[in-house]
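Work through the exercises below with the sequence and the model at hand. Each task is followed by a solution in steps.

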Amino acid sequence: MAIRNVNLWRSIDWFTIILYFLLVACGWLSICGATYDFGDTDFFSFSSFTGKQLVWIGCALVIAIILLNIEKKYYEMLAYPTYIGFVILLAATIFIAPDIKGSHSWLVIGPIRIQPAEFSKFATALCLSRLLSSYGFSMEKRSDFIKMIAIVVIPMLLIILQDETGSALVYAAFFLVLYREGMTGSLLALGVCMVAYFVIGVGQGENVFDKMPVNVGQFIVFLLIPLFTALAVGVYGKHVGRAWWIACTNLFATLVAYLFSRYVIPFDICIVQLVLCGCTALYLIYTFLLDRYASYLLIALFALGSVGFYYSCNMLIDKLQPHQQMRILVLLGIKDDPAGVGYNINQSKIAIGSGGLWGKGFLEGTQTKLNYVPEQHTDFIFCTIGEEQGFMGCIFILLLYAVFIIRIIMLAERQGSNKFTRVYGYSLASILTFHLFVNVGMVIGLAPVIGIPLPFFSYGGSSLWGFTILLAILLRLDAEREARF
Amino acid sequence: MINDYRFENRKFVIVGIVLAIVVAFICRLFSLQIINDDYKKYADSNAFLNKTIYPSRGVMYDRNGKLLVSNQPAYDVMVCMRNVKDLDTLAFCNSLGITREFFEKRIKDIKNKNLNPGYSSYTDQLFLSQLTAEDFAMFQEQLYKFNGFSIQRRTVRQYDYHVAGHIFGDLGEVSKKDIANDDYYVRGDFIGKQGIESYYEKYLRGEKGKEILLRDAHGRIKGRYLDGAMDVAPVPGKNLTLSLDIELQQLAERLLENKIGSVVAIEPSTGEVLCMASSPTFDPQILVGRQRGENHKILSKDKQKPLLNRAIQGTYPPGSTFKTSQALTYLHEGIISPETSFPCAHGFRFKGLHVGCHPHGSPLPLVPALATSCNSYFCWGLYRMIGSDRYTSSQDAFNHWKDHMVAMGFGYRLGIDLPGEARGFIPNSAFYDKWYGGRWNGLTIISISIGQGEVTLTPLQIANLGATIANRGYYIAPHVVKEVEGEAMDSIYSTPKRTLVDERHYETVVKGMREAVLNGTCRAANLPGIEVCGKTGTAQNRGKDHSAFMGFAPMNDPKIAIAVYVENGGFGAVYGVPIGALIMEKYLTGTLSAASEQKANDIQQRVIYYGNQER
C-alpha cells in the first residue's frame with residue numbers, strides 16, 4: 001500500500017539524481033566547448049548559448065522539485081486528462097505554429113519557443129502506465145490491445161503532421177515497453193527486420209560493389225533474410241541444428257558466389273541469393289509437411305515475405321515523386337545536404353576521429369566550431385565530446401548513459417506489483433535508449449541522420465525540461481514504492 | 001493486484017539491447033578515434049581555406065589607343081582572430097604606421113557583430129585595406145612575426161590622365177544592396193559606383209577565381225587541396241576602348257577651369273562621344289585607395305557639386321541653340337518657307353506681349369534670322385503654328401510640336417552608356433492644360449520657341465542636336481564606349497534614329513548656321529580653312545545669362561558636333577563660341593595654332609564668380 005507522507009529525502013533514489021547532475025554538468029561543459037569562440041566568450045552571459053542553458057537548467061530544477069512533491073495518486077488520476085490535453089495541444093500546434101525551418105512544431109509565446117512534442121512523451125508514458133496497470137487489462141483482449149497501440153500511435157501521427165518525423169520516431173521506443181509487458185516479441189522482431197530491410201535496402205540502394213555488378217543494399221538485405229530466418233528457426237522452430245544448417249549453407253553458398261564473381265566472372269550475386277532464399281523457404285515448407293509444425297510455415301512465409309517487402313520498397317520509392325524520394329533519402333541520411341552527399345556526417349566523423357585517445361582538451365577543439373560541423377551545439381553535440389575529450393571521454397559518457405538507463409530499469413523492476421511505476425520507468429528507459437542510439441549513432445555514422453537531441457546534452461530548454469519532467473515523475477513514483485521483498 | 005512474472009526475464013533482453021548499443025558505439029569510436037588515422041590526418045588538413053583570386057579589372061583605352069585607366073597592385077591586410085597569438089602590438093603598429101588606438105579600435109570594430117555581421121574568428125577579416133606597394137614592402141618583411149595576419153593581393157585603379165573622372169567613374173566597396181542584388185559579390189568586394197565603371201561593371205569585373213588551400217589546426221597553410229584540381233582560375237575583365245579623344249578631353253576640361261559648365265563633342269556619323277567635360281571636376285586618382293572615403297566626402301559636400309556630371313545630369317534652358325530645332329519644325333509643318341519673313345521691332349510685340357531682341361535689320365527671312373538669332377522670328381513661328389488651322393486645336397498643334405522635339409531626342413534619355421542621365425523637359429499640351437487650366441495659346445507659351453521657359457535640355461542633348469543637323473536628319477544614340485573587347489555593342493549604338501523633319505529642310509538650317517559663323521553671332525568660330533556651322537545661345541535665368549554654343553564642322557563632311565554650356569557666362573559669344581571653336585580646331589587640325597593656344601590660356605584663366613550658394 002502506498003505510504004502516506006512519504007519521506008522524500010530518505011526514500012528518493014539519490015544515485016539516479018547524482019547521475020542526472022553528472023549528465024547535465026557534462027552537457028553544459030560540452031555546450032561551452034561547442035560554442036566557445038576565441039577569447040571573448042562569456043559563458044555566463046545571458047546572450048550566449050551557455051548562459052541561456054544555465055537558465056534552462058535552473059528552470060528544470062524548479063520544475064523537478066515541484067513534480068517531486070506531487071503524490072503518485074495524482075499522477076495516476078491525471079494521466080488520462082494530461083494525455084488528452086497534450087493530444088489536443090499537438091493537434092493545435094500543427095495549425096498555429098509558425099513555419100520554422102520547414103517544421104510546424106514550435107509554439108512561440110513572446111520570446112519563448114516551446115516544442116510540445118518534447119513534453120508529450122511524459123504524458124504518453126503516464127497514459128500508457130495508467131492503461132496497462134488498470135484493473136482487468138489484458139493484452140490478449142483485442143479492445144485493450146487496440147487502445148494500447150492507439151495511445152502510442154496518435155501522438156506519433158500528430159508529430160509527423162508537424163513535419164518532425166524524427167521526434168515522432170521516438171514513440172517507437174514505447175514498443176520496447178510493450179514488449180517488456182508481454183507483447184509478443186515476434187512483432188518487435190518483425191518490425192526491426194522491416195526497418196533494417198528498408199534502411200539498408202533503400203539507403204545503400206545507390207551503391208554498387210567495385211568490379212562487380214552487385215547492388216550493395218540488395219546484397220546485404222538478401223544476406224540478412226536467411227540469417228533472420230535461421231534465427232527464427234532457432235527461436236520459434238525449437239530446432240537449433242536446423243537453424244545452423246540454414247545459416248551455414250546460405251553463408252557458404254553466398255561466399256562461393258562472391259568469390260566467383262569477384263575473381264572469375266563478374267555477375268550479379270543477388271540472383272544466387274534469391275535462389276538460396278527460395279530454397280530455404282522450400283526447405284522450411286518441406287519441414288512443415290514433415291513435422292506438421294505450423295511455425296515452419298510461418299517462417300517460410302517470413303522469408304518469402306521479406307524478399308517481397310524488399311522489392312515493394314524499391315518499387316514504392318521509384319513510384320514516388322522526386323521530392324518525396326528526396327525526403328526519404330534525406331531521412332535515411334543519404335542526401336542530407338545539397339552541397340555534397342554526407343557532408344555533415346563526414347565532418348562530424350572527422351571531428352570525432354581527430355580527437356584520438358585523450359582528445360584535444362577542453363575548449364581546444366577546432367573542428368566542432370561554427371565552421372565545420374553544423375548544429376554542433378544541438379544535435380551534433382557528441383562531436384564536441386569526441387573531439388575535445390577523445391575516446392576516453394566518449395567511453396565515459398556512454399558508460400554514464402548505460403549506467404543511468406540500467407539504473408532506471410532497476411528502479412522500474414523494483415516496483416513489485418506496482419505495474420504503473422514499472423511501465424512508466426520502462427518508458428523513460430526506452431525513450432532514453434532510443435535517443436542515445438539514434439543521436440550518437442547518427443553522429444558517428446551508424447544510424448541515419450534523424451535530428452533528435454542527445455538527452456541532457458543538446459542545447460535547448462524543451463528537450464532538457466522534457467527529460468527532467470520524465471525523470472522527476474519517475475523518482476517520485478519510485479519514492480512511493482513498496483518493498484518487493 | 002495480480003503479479004505477472006512471466007515476462008520478467010525480458011528485462012535482460014532490454015538491458016542487453018542497451019549494452020549492445022553502447023558496446024557497438026564504443027567499437028565504432030575505437031575504430032574512428034584509435035585505429036583509423038585517416039580522420040586525424042584529414043582533420044589536420046580539414047580546414048579548407050577558400051582563397052579568392054581577384055581577376056584583373058578590364059582597362060580602358062581612348063579612341064587612339066592611349067591607355068587611360070589601368071590597374072596597380074594594392075594589398076589588404078587580413079586578420080584571422082583565432083590565430084592571433086603573442087602579438088607584439090607595438091612592432092605591428094610601427095610596421096604599418098598606425099597608432100595603438102587605431103589598432104585597438106579596428107580590432108574592436110572587427111569583432112563587433114553589428115558593424116561586421118560576417119565576423120567569425122575562424123575566417124580572415126579585413127584589417128586594413130589597400131596598402132600601397134611601398135607600405136606593403138615594409139610590412140611584409142615583418143609579417144612572419146605577426147601570427148594571424150596575412151596579405152590579400154588586390155588591384156586598384158591607376159589613371160594616366162587626370163581627367164574625365166565623371167566618365168570613368170570610380171570603384172567603391174559593395175553595399176548591402178549590391179550584395180543582395182547580385183550574389184557574385186561578397187563583403188569587401190569592389191564595384192563600379194559611377195560612370196563607365198558602374199555601367200560596364202559586368203564586363204570590367206571579369207570573374208573571380210578560387211584557390212582551395214588546406215590549413216592545419218594552427219591556421220598554417222599546408223598546401224593546395226587535391227593539388228589545385230578544384231581551383232578555379234580567375235577570368236580577367238574585358239578591356240574597353242572609349243570613344244573619347246583624351247587630348248580633346250584635357251583641352252575641354254582646361255577651358256572650363258574656374259567656371260561651371262560642360263562641353264560635349266560627338267562624332268555625328270557614329271554617335272561616339274569625343275569629349276565630355278563637366279566643370280567643376282576632380283582628379284579620378286583621388287578616389288582610389290584608402291583616401292577614397294575621405295575625398296569622396298569632401299567632394300560630395302562641395303556646394304558646387306563637382307561629383308555631378310553636368311553634361312548628362314544638368315538640365316538647362318537651351319536658349320537660342322534651340323531655334324534651329326524650331327526652324328526645322330516650322331519648315332516641315334509648312335508654317336514657314338525659307339523665304340518667309342517676320343518683322344522684328346526690337347523684338348516680338350503682339351497684343352501687349354513683348355519678347356526683346358537685339359538690333360538688326362527687319363523684316364528677315366529664315367537664314368539671316370538664324371544668323372542674327374532673331375527672337376521675334378521664332379516667336380512668330382510658334383504663334384503661327386499653335387494658331388494654325390492645319391490642326392484641330394492648339395492642343396493638337398502643340399502635340400505635333402512635341403512629337404518633333406521628342407524625335408530630336410529631347411525630353412527623354414538619349415540612352416548614353418553612363419548611369420544617371422537626365423531627361424530634360426519638353427512639355428506637352430496636357431502639361432499646359434493643367435498649368436493654365438486649359439486657357440492657353442501660342443502667346444502664353446511663346447518663350448519656349450527661343451529655348452526659354454519650361455523647356456530644358458542636357459548639354460548632351462544640345463550636342464546631339466548639333467549632330468542631328470550635321471547628319472541632316474538623324475542621330476545615333478551617343479555613347480562613350482566604342483568597343484568592349486570581344487563583345488558586340490548594343491545595337492542602339494549603331495542604329496540611326498530619324499527625326500520627323502525632311503532632309504531638305506536641314507540644308508536651310510545648315511545654311512543659317514553657316515551664315516551665323518560667317519556674318520552672324522558666332523563669327524569668332526570662323527576657323528581658317530574649315531567650314532564651321534554654329535549657333536550661339538544666351539539663356540536667361542535668375543542670375544547672369546548662361547553662355548551656350550552648338551555647332552559642327554566641317555559643314556559638308558561633319559566630323560565633330562559640339563555643345564558648350566557655361567553657367568552665368570553671359571552672351572553665347574563670350575564663352576560658348578570661343579571654347580567651341582578651340583575644341584573643333586584641336587580635333588580637326590590635331591593641334592592649336594599659336595594664337596589659339598594664347599586664346600585657350602586666356603579662357604582658362606578667366607574666372608566666373610559664383611558666390612557661396614548651393615549649385
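**Setting**

Chain A contains 18 helices and two strands, where helices (H or I, at least four residues) and strands (E, at least two) are DSSP runs numbered from the N terminus. The model is predicted: local features need pLDDT of at least 70, side-chain atom pairs count only at pLDDT 80 or more, and totals for chains, interfaces and linings use all residues. Residues are numbered from 1 along each chain as its sequence is written, while chains are lettered from A and ligands numbered from 1 in the order in which they are written.

**Exercise 1**

Describe how α2 and α3 of chain A pack.

*Solution.* Step 1: helix α2 (residues 14-35) of chain A and helix α3 (residues 49-68) of chain A have axes 9 Å apart and an angle of about 160°. Axes are lines fitted to C-alpha atoms, for helices over the stretch in contact, and angles run from 0 to 180 degrees between N-to-C directions.

Step 1: α2(A) and α3(A) are therefore roughly antiparallel; angles under 35 degrees count as roughly parallel, over 145 as roughly antiparallel, 65 to 115 as roughly perpendicular and the rest as oblique.

Step 2: the contact (C-beta atoms, placed from the backbone, within 7 Å) involves A:Val24, A:Trp28, A:Ile31, A:Cys32 and A:Thr35 on α2(A), and A:Phe49, A:Thr50, A:Gln53 and A:Ile57 on α3(A).

Step 3: these residues of the contact of α2(A) with α3(A) comprise six nonpolar, three polar and no charged. Ala, Val, Leu, Ile, Met, Phe, Trp, Tyr, Cys and Pro count as nonpolar, Asp, Glu, Lys and Arg as charged, and the others, Gly among them, as polar.

**Exercise 2**

Give the strand order of the open five-stranded sheet in chain B, and find its edges.

*Solution.* Step 1: the order is β12-β11-β20-β19-β18 (chain B), with antiparallel pairing; two strands pair if DSSP finds at least two bridges between them.

Step 1: β12 (272-279) and β18 (533-539) of chain B each have a single partner strand, so one side of each lacks a neighbour in the sheet.

Step 2: from one strand to the next, the twist averages 5°.

Step 3: β11 (residues 261-267) of chain B pairs with β12(B) in the antiparallel sense over seven bridges, and B:Val264 stands opposite B:Met276 in β12(B).

Step 4: helix α10 (residues 246-255) of chain B packs on the sheet, touching β11 and β12 of chain B, with its direction at about 25° to that of β12(B). Helix α19 (residues 503-519) of chain B lies across β18 and β19 (546-553) of chain B, at about 75° to β18(B).

**Exercise 3**

Where does B:Asn258 lie, and what is its phi?

*Solution.* Step 1: most residues other than glycine have a negative phi, and most peptide bonds are trans.

Step 1: B:Asn258, in the loop between α10 and β11 of chain B, has a positive phi of about 65° although it is not a glycine. B:Asn258 counts as partly exposed because 14 C-beta neighbours lie inside 10 Å; the cut-offs are 20 or more other C-beta atoms within 10 Å for buried, 12 or fewer for exposed, and partly exposed in between, with C-beta atoms placed from the backbone.

Step 2: the bond from B:Ser279 to B:Pro280 is cis, with omega near 0°, and the bond from B:Ala553 to B:Pro554 is cis, with omega near -15°.

Notes
Contact = placed C-beta atoms within 7 Å.
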